[in-house]
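Okay, thanks for coming, everyone. I'd like to walk you through one structure today, so let me put it up on the screen.

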Amino acid sequence: MATQEQVVAPPRAKVTYKSRTRQRETWGKVGRYVAVVLVVFIALAPLYWTFATSIKNGVEINASPPTLWPQSFVLDNYKAIFTESAYFLPDLKNSAIIAGVTTIVALLFGSLCAYALARTKFRGKGLVLIIVLSVNMFPFIAMVGPLFVLFTQQGFYLYNSYLGLIIPDLVITLPITVWFLNSFFRDLPPDLEEAARVDGASRLGALWRIVLPLTAPGFFAAAILSFIAVWNDFLFGLSLTADESAQPVTVAISRFNGEHVIAYGQLAAAAIVVTIPLVILVLILQRRIVSGLTAGAVKG
């Protein structure tokens with residue numbers, strides 16, 4: 001009986017558990033890089049287009065189709081917003097004053113309120129926190145009418161003044177500050193303050209000398225968030241001011257448009273100039289801001 005030749009198949013490569021895990025990790029890393037690139041592109045594309053528009057001349061701005069890379073590099077738009085506009089620089093100063101004062105006042109009262117909520121025990125404390133948070137959920141457009149009527153009254157005239165903008169801006173910044181700092185104060189061990197009080201420090205002294213230095217990342221993060229919120233405010237500035245004596249710079253940008261002309265180049269240049277102080281502030285405080293935001297994300 002003839003023996004049949006046996007056909008031996010080549011050995012198959014075995015896919016081990018480690019190789020599958022390595023493949024998943026590789027694809028996961030690729031996915032994370034793609035997600036980061038996509039998010040960065042979405043975040044920076046409007047900023048790039050604004051900057052590119054600000055350095056184009058009028059002919060290139062109105063060209064069709066628009067040029068992705070600027071063919072011209074001119075600074076005429078930047079010169080125009082500083083020399084031809086009589087209100088841009090005063091409004092820029094107004095925004096700096098209003099945002100700075102509002103942030104300081106919000107940090108002062110917000111830290112006291114957050115510390116009281118974190119360290120004292122009373123009925124309804126959770127309800128107070130809910131009410132504070134619900135203030136930010138209230139539509140601010142509904143406040144404009146009553147505030148306008150109130151601030152234009154004879155005995156309480158605050159229309160077109162710094163105070164008339166600082167008060168409503170505190171409605172935006174105080175809830176942010178209270179909620180942000182409350183989580184930091186609550187997770188700080190109270191034994192440190194008790195030791196300071198045994199040594200003769202008052203409650204406010206313990207807050208100033210012990211609590212605030214230890215919660216500095218959260219303090220700076222709350223400060224920059226409050227400053228950005230006030231700096232970007234447009235609604236109150238448009239409704240509660242009349243001229244550059246108290247008008248913020250966000251309203252000044254909208255005034256570059258005429259009845260029949262839209263000054264795209266000057267609008268873009270003004271937007272870049274207004275963005276620069278925020279970028280500088282974030283770069284200076286970026287370490288404290290990042291540590292404050294990440295700490296606040298894991299603390300409850």
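Let me begin with a question: which residues form one aromatic cluster? That would be Phe82, Tyr87, Phe88 and Phe256. Rings here are those of Phe, Tyr and Trp (its six-membered ring), and they pair if their centres lie within 6.5 Å; planes under 30 degrees apart count as stacked, over 60 as edge-to-face and the rest as tilted.

Before I go on, some housekeeping. This is a predicted model, where local features need pLDDT of at least 70 and side-chain atom pairs count only at pLDDT 80 or more, while totals for chains, interfaces and linings use all residues. Residues are numbered from 1 along each chain as its sequence is written, and side-chain values use heavy atoms, with hydrogens and water left out.

Back to the rings. The count comes to 10 aromatic pairs. Take one of them: the centres of the Phe82 and Phe88 rings are 5.7 Å apart with planes at 80°, so we call that pair edge-to-face. Phe82 has 36% relative accessibility, so it counts as partly exposed, whereas Phe88, at 0%, counts as buried. The cut-offs are under 20% relative accessible area for buried, over 50% for exposed, and partly exposed in between, with a 1.4 Å probe and protein chains only.

Elsewhere, Lys56 lies over the face of Trp49, at 4.5 Å from the ring centre. The rule there is NZ of Lys or CZ of Arg within 6 Å of the ring centre and within 35 degrees of the ring normal.

Now the overall fold. The protein has 14 helices and zero strands; these are DSSP runs (H or I, at least four residues, for helices; E, at least two, for strands), numbered from the N terminus. Of its 300 residues, 36% count as buried.

On a 1 Å grid over the protein atoms alone, a cavity is a set of points where a 1.4 Å probe fits but cannot get out; a pocket is an open set with protein on both sides within 12 Å along at least five of seven lines, and lining residues have an atom within 4 Å of a point.

The largest pocket has a volume of about 170 Å³. α4 provides the largest share of its lining, five residues, and the lining divides into nine nonpolar, one polar and no charged.

Key. Grid points are joined across faces, edges and corners, and a volume is the space filled by probe spheres set on the points. Ala, Val, Leu, Ile, Met, Phe, Trp, Tyr, Cys and Pro count as nonpolar, Asp, Glu, Lys and Arg as charged, and the others, Gly among them, as polar.
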